[in-house]
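Reader: I'm new to this one and would like a close look at a single part. Could you walk me through the salt bridges, please?

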Amino acid sequence: MDPSLYAAIFKEFPLGLVVLDGKGLVLDANAAARDLPTGAGDALVGQDFFNVFDGLEDIDQIRDRFLVATRDGRIQECFD
């Protein structure tokens, strides 16, 4: 598929999407993510995801899953 299609989907997706590096730094974020009530806005890119979203109810579980995924090289999730 055309990479510009993926970029357009990422940009226009109505839910917040972020791309993280292996250390949890935000590499990219769509407009919906930048509009989340974190106060980060356009400054979200380059920030530590887990610090910016520290107030999330499930942030500790998200951090644990992220650490496992970066260690194992894959995300193992089951959505029922």
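Author: Let's start with the term itself: a salt bridge is a side-chain nitrogen of Lys or Arg within 4 Å of a carboxyl oxygen of Asp or Glu. The idea behind it is simple, because side chains of opposite charge can pair when their charged atoms come close. Keep in mind that this is a predicted model.

The structure holds 4 salt bridges, and here are some of them. Take D28 and R34: their side chains meet in a salt bridge, at 3.8 Å from N to O. That falls within the 4 Å cut-off, so the pair counts. R34 also has a salt bridge with D42, where the closest N and O atoms are 3.7 Å apart.

How open are these residues? D28 has a relative accessibility of 33%, so it counts as partly exposed. R34 is partly exposed too, with a relative accessible area of 22%. D42, at 65%, is over the 50% mark and therefore counts as exposed.

Now hop over to helix α4, which spans residues 59–72 and holds both D60 and R63. D60 and R63 form a salt bridge, their closest N and O atoms being 3.1 Å apart. D60 counts as partly exposed at 48% relative accessibility, and R63 counts as partly exposed at 25%. Back to the other group for a moment: salt bridges that share partners join D28, R34 and D42 into one network.

Terms used
Residues are numbered from 1 along each chain as its sequence is written. This is a predicted model: local features need pLDDT of at least 70, side-chain atom pairs count only at pLDDT 80 or more; totals for chains, interfaces and linings use all residues. Side-chain values use heavy atoms; hydrogens and water are left out. Buried means under 20% relative accessible area, exposed over 50%, partly exposed in between (1.4 Å probe, protein chains only). Helices (H or I, at least four residues) and strands (E, at least two) are DSSP runs, numbered from the N terminus.
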